[in-house]
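Work through the exercises below with the sequence and the model at hand. Each task is followed by a solution in steps.

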Amino acid sequence: QMILVQSGGGSVQPGGSLRLSCVATGNFLRMFSDYDIGWYRQAPEKQRELVGWSRNGGKVEYAESVKGRSTFSRDNLKNTANLQIDNVKFEDTAVYYCTAMWGGQNFWGQGTQVTVSS
């Protein structure tokens, strides 16, 4: 079973940058590169929102809310996926989750709080 461990986040000032990391550990059925990796976030009293998605072929898609100020990267040799959001806004405040999906299996990280405040 894959275990996703997140790090990063915390408090960020508006206009700053946040960086989140997600490391996959445990037993994989496939290579990390085979998995689609996604970042979601959930703000208080709001539904979980897809932020970015990296398909196993490498193509990355971003939500409109972060497009142009986000960078999704993955290092398949280190089983790691990273999300950076620049020029953060108050509305970026949320709990962020990484997820890995393959063959009907969906694994989630523990969640990381990001708070944008001045």
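**Exercise 1.** Classify Glu61 as buried, partly exposed or exposed, and find which side chain meets Glu61 in a salt bridge.

*Solution.* The model is predicted, and the values are computed from it.
Step 1. Glu61 has a relative accessibility of 34%. Buried means under 20% and exposed over 50%, so Glu61 counts as partly exposed.
Step 2. The side chain of Glu61 pairs with that of Arg55, at 3.7 Å from N to O. A salt bridge requires the nitrogen to lie within 4 Å of the carboxyl oxygen, so the pair of Arg55 and Glu61 qualifies.
Step 3. Arg55 has a relative accessible area of 37% and is therefore partly exposed as well.

**Exercise 2.** State how many salt bridges the structure holds, and identify the residues linked in a network of them.

*Solution.*
Step 1. There are 7 salt bridges in the structure.
Step 2. Take Arg69 and Asp92, whose side chains meet at 2.8 Å, N to O. This pair links distant parts of the chain, 23 residues apart: Arg69 is in the loop between β6 (60-62) and β7 (70-75), and Asp92 in the loop between β8 (80-85) and β9 (94-102).
Step 3. Check burial. Arg69 has a relative accessible area of 10% and is buried; Asp92, at 0%, is buried.
Step 4. Take Arg41 and Glu49, which form a salt bridge at 2.8 Å, N to O. Arg41 is buried at 4%, whereas Glu49 is partly exposed at 28%.
Step 5. Arg41, Glu49, Arg69 and Asp92 are linked in a network of salt bridges.

**Exercise 3.** Determine which members of the largest nonpolar core touch the most other members, and trace the contacts of Leu4.

*Solution.*
Step 1. The largest nonpolar core has 27 residues; Met2, Leu4, Leu18, Trp39, Ile85 and Tyr96 touch the most other members.
Step 2. At least two residues of this core come from each of β1 (2-8), β3, β4 (36-42), β8, β9 and β11 (112-116).
Step 3. Set aside neighbours of Leu4 within four places in sequence. Among the residues then in contact with Leu4 are Cys22, Val23, Ala24, Cys98, Phe107 and Trp108.

**Exercise 4.** Locate Val23 in the secondary structure, and name the surface patch to which Val23 belongs.

*Solution.*
Step 1. Val23 lies in strand β3, residues 18-26.
Step 2. Its relative accessibility of 30% makes Val23 partly exposed.
Step 3. Together with Ile3 and Val5, Val23 forms a nonpolar surface patch with about 210 Å² of accessible area.

Note on methods. Residues numbered from 1 in each chain as written. Predicted model: local features only at pLDDT ≥ 70, side-chain atom pairs only at ≥ 80, totals over all residues. Heavy atoms only, no water. Patch = residues over 30% accessible without salt bridge, like charges linked within 9 Å, V, L, I, M, F, W, Y side chains within 5 Å. Areas by Shrake-Rupley, 256 points an atom, 1.4 Å probe, with all protein chains shown as cover. Helix = DSSP H or I, 4+ residues; strand = E, 2+ residues; numbered from the N terminus. Buried < 20%, exposed > 50% of the residue type's maximum accessible area, 1.4 Å probe, protein only. Core = buried A, V, L, I, M, F, W, Y, C linked by side-chain atoms within 4.5 Å. Contact = heavy atoms within 4.5 Å.
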